[in-house]
Amino acid sequence: MCLYTIFNTISSNELHICVCPSVCSLCKRCDNIPDKYGEKITLQQHKLTVHYFCLLMSSGICQRGEEDEDVHGFLVDDIKKEIRRSSRLRCMYCKKIGASVGCSIKRCRQMVHMPCGLEQEFIFQFTDLFPSFCKKHAPSQSWVSSPSLPLSCSVCLEPIEPVLSYNVLKCPVCHGSWFHRNCVQRYAHSAAMFFFKCTLCNNKDQFQQEMLRMGIYIPERDAAWELEENAFGDLLQVYQHCDAVKCHSHRGRKYSSQSGYFEIVRCKLCGSRGTHRKCSNLKLYESDWICADCKAAVEGKSELSELLFQICLCRIILKLHAWIVFLPQSQSTSPEVLMDLACQISQQQSTEVLVEDDEGVLEAALQALRQSDFNPFCTLSVKFSKDKLNNNIRNQRRFLRRLVSKLLMSEIFEGPDGTKNLALNSKALRDDLYFEVGSLLALSLVHGGPPLGFFSPALYRSLFNYPTNYRPTLQDLGDTAFAHKIRQIVEANSMKELRCAMQSASQYLEAAGCWRKISKLSEKDVLVEDVLNFYLIIRLQLPLQRFREGLRTLGLFEQVQMCTEAFHSVFCGPVERLTAESVMELFTVQFSEEKEQQEKESTTLNFWKKYLHECDEGRCAASFEDLLTFATATDLVPSIGFHPTPSISFFSSSDPSCAFPQSHCDANHLILPILPSYELFKKHLDYTLCQFSSLHY
C-alpha cells in the first residue's frame, strides 16, 4: 500500500481535500490537522468524509482498488462496510460507538477511534500492514549510555527531560538527538521521505526506520518547501547595503555603482554584510573584505566562535557514540528466541570443561572461558572427575545449574536474594570479571541452563530500559548501612529530623554529589531519587558496560533488547515453583497400541497423578525437584525449555516387587512400572528417587 499526501484536486471522482468542517465518518471529528490525522477527504457524490489515517488504521478494511480509485484505493463500498462494522464497537477511551481501530496483539481487546488512540498513547505504524499497538503493547526505545548534552529538543530547541517515553523520542544512531513526539512529527510532515533525517548525525535510513517503528508518519513525497512556488526566489537576490559605521555615499547606503569606490563589496565569508570601498578605505582593485563579526569569529575573540567550537565538539562526541541500532520489538517468547540463538551452536565441535566437584564449577567455567581458543559456538563437553558415568547431557545440565548458583553469589553482585544489583568492585573491574560473568550467564541461557531469577528490577532497567517507568527504590539497596541511612531521610517527618538524617548520611551524600541545602520537607523525595540513581546507576556505568558486553555473547543482549517484556521473568523471576499441575503439563504420555495394555497403563497414570498431588501436599519422601532431576537431569525447567519434550511410557514386569521406575535423561524420558496397587507404586517411586538423589547429588 502506497502512502502519499494529495495536494491538488482529483476531479475524476470528485475527490478533493476537505476544507469545510465536515465530520469524519469514522472518528466523528471535524478536525483538519494533516500531520496528525492525515488529509481530510470528501467524496461529494457519496456524501462521505474520512481522515486518511482513520482509514489506514481501521482494522476491518483493506485497499482492494487501484491508487486512483475512490480514496487512494479504498473502495466506497468497503469504507461503508467498515463504518457499519465500527458502529457496533465502543471506544474504550471516549465510550462512544464507532471504534474502528484495535490493538494488533490478538489477545488484546482495546478498541479506539484513531484520534482517541493518539490521546491514549497508541502507536500507529505506517508500514507493512499498518499495525496499531495500545500503550501496554507498544514498542519502546532504550539506551545503553548516558544521554549527551545539550538536553533540548532538536527541533524546537526547548529543554527536554532525557527520559524515554511516548512523548520523548531519540535518534537510535547517535543517541544525542532528542525530540518531542509532536515536534518530530511536524518535522517529518514538512521534510518528508527525501529530507527527513537526524538533525545532528544526519543519519537517514536507520533514523527513518526507528521513527516509523515508533509511530511517526513520513509522507512519500518531496519536502514541503520544494512544493512552494518561488520558495527560493530570495536566493536570486544579492545583498546590497553598506554596513560601514559611516557611509560616505550621497545616494544612500543601498546605492551600488557598477565599479569604483561606491561599488558595494560583500563579506567573502558570510556574504550577508557589505560596504562601499570608500567607506572601508579599500583600494579600487580590492574585492576581498571581511566584516567585523566574521573577523572576530575567525580570530576567536567572540562568543560566536566559542559557540561554534562547542557545536563542533558536540558533533564529534555524537559521532563517536553512533554505533547502536535499535530494531523493532519482537513478539517472540523467550524460549523461541533462545532456541533461535542455540541454532548457532555446532554439534560437531566441543569445548571440554573439566570439573573437580560442585564447588569447583565456577573456577572450571572461568578457566575454560579464559582459554585463547575458547569458542562460545561449540557444544559444552562437561566431565566431573568423581562421576564414573560421565553422561554428557546429565553433566551439562548439572554444570549449568550449579554455575548459575555460584554466579549468584559472585562478588560482582550485592543485595538481598532474588533482587541482586551490581556491586562496585575495583578488583573485579581490573580482572574484567564483570564481562566474564555476563558472558557465562549468556552461555548458560543459550546452552540450556535454568532461568536466572535474581536480577533486581533496577539492574534489569539499567541494562535493557524496561520497565521504562521504573524508578529505583530503597528495596533495591537491600539491608545495608547505606540503605539504613537513606531510610532515615525518607522517614523524616520534620525539618529537624531531616537535617539530622542528612548529617548522619553526609558522607554518602557528598560522594553522590547530593549534599545540598534543603529548605522544604517535600524536597527530600527528589534528594532520595538522586542518591538512588547515583548509587544504582551512575557510579556503575563502567561495570554495567562490561557486564553488558559479556551478555552480548552469542547475540543474547541484542535479542533481549527486542523482547524485554518476555525476558523479564527469566532475569528477574521469581522462578516459577513446580506444582502437581505444572509437572503433569510437562510430560506427554505414550500409550501402547494394545487395548488391554492401555487399560493397565491408564491405571498407572492415575497412580502417577495421585503421587504428584500427594507430593504437592508434602506426603511423599521425594520432591518435585528430585522427580524432575531423575527424568531430565535438572531440577528446574530450562529457560530454553526441554528438547525433546519430557515423556512417560510404561513397562510390565513378571515380578512386581522388583519393578522400579527408569529414566533416560538424554531423551527426557520417564518409564513407569505397571504395578497392582498405588501403595506399591508410591513405595517404589519414593525409593528410586531418594536413592538417585543420594548417589548423584
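**Exercise 1.** Find which residues H51 touches, leaving out those up to four places away in sequence, and decide whether H51 is buried or exposed.

*Solution.* 
- Step 1: Start with the neighbours. In this predicted model, H51 touches C24, C27, R29, D31, Y37, G38, E39 and K40.
- Step 2: H51 sits in strand 3, which covers residues 48–51.
- Step 3: Check the accessibility. Buried means under 20% relative accessible area. H51 has 0% relative accessibility, so it counts as buried.

**Exercise 2.** Work out how helix 14 (residues 433–446) and helix 20 (residues 541–551) pack against each other.

*Solution.* 
- Step 1: Look at the geometry. The angle between the two helices is about 30°, and their axes are 6 Å apart.
- Step 2: Get the handedness. Helix 14 and helix 20 make a right-handed crossing.
- Step 3: List who makes the contact. Helix 14 brings Y434, F435, V437, G438, S439, L441 and A442, while helix 20 brings P543, R546, F547, E549, G550 and L551.
- Step 4: Sort those residues by type. You get eight nonpolar, three polar and two charged.

**Exercise 3.** Now try helix 15 (residues 457–464) with helix 20: what is the angle between them, and how far apart are their axes?

*Solution.* 
- Step 1: Read off the geometry. The angle is about 75°, and the axes lie 10 Å apart.
- Step 2: Angles of 65 to 115 degrees count as roughly perpendicular, so helix 15 and helix 20 are roughly perpendicular to each other.
- Step 3: Find the contact. On the helix 15 side there are L459, S462, L463 and F464, and they meet L544, F547, R548 and L551 of helix 20.
- Step 4: Sort again. This contact has six nonpolar residues, one polar and one charged.

**Exercise 4.** Describe the surroundings of strand 19 (residues 669–673): how many of its residues are buried, and which strands pair with it?

*Solution.* 
- Step 1: Count the buried residues. Five of the five are buried, so strand 19 is largely enclosed by the rest of the structure.
- Step 2: Check each face. H669, I671 and P673 are on one side, L670 and L672 are on the other, and both faces are covered.
- Step 3: Take the parallel partner. Strand 17 (residues 647–651) pairs with strand 19 through five bridges, and one of the bridge pairs is I648 with L670.
- Step 4: Take the antiparallel partner. Strand 18 (residues 662–664) is joined to strand 19 by three bridges, with S663 bridging to L670.
- Step 5: Look at the link. Strands 18 and 19 form a hairpin with four residues between them, and N668 in the turn has a positive phi of about 55°.

Methods: Residues are numbered from 1 along each chain as its sequence is written. This is a predicted model: local features need pLDDT of at least 70, side-chain atom pairs count only at pLDDT 80 or more; totals for chains, interfaces and linings use all residues. Side-chain values use heavy atoms; hydrogens and water are left out. Axes are lines fitted to C-alpha atoms, for helices over the stretch in contact, and angles run from 0 to 180 degrees between N-to-C directions. A crossing is left-handed if the near helix is turned anticlockwise from the far one by less than a right angle, and right-handed if clockwise. Contact means heavy atoms within 4.5 Å. Ala, Val, Leu, Ile, Met, Phe, Trp, Tyr, Cys and Pro count as nonpolar, Asp, Glu, Lys and Arg as charged, and the others, Gly among them, as polar. Angles under 35 degrees count as roughly parallel, over 145 as roughly antiparallel, 65 to 115 as roughly perpendicular and the rest as oblique. Buried means under 20% relative accessible area, exposed over 50%, partly exposed in between (1.4 Å probe, protein chains only). Two strands pair if DSSP finds at least two bridges between them.
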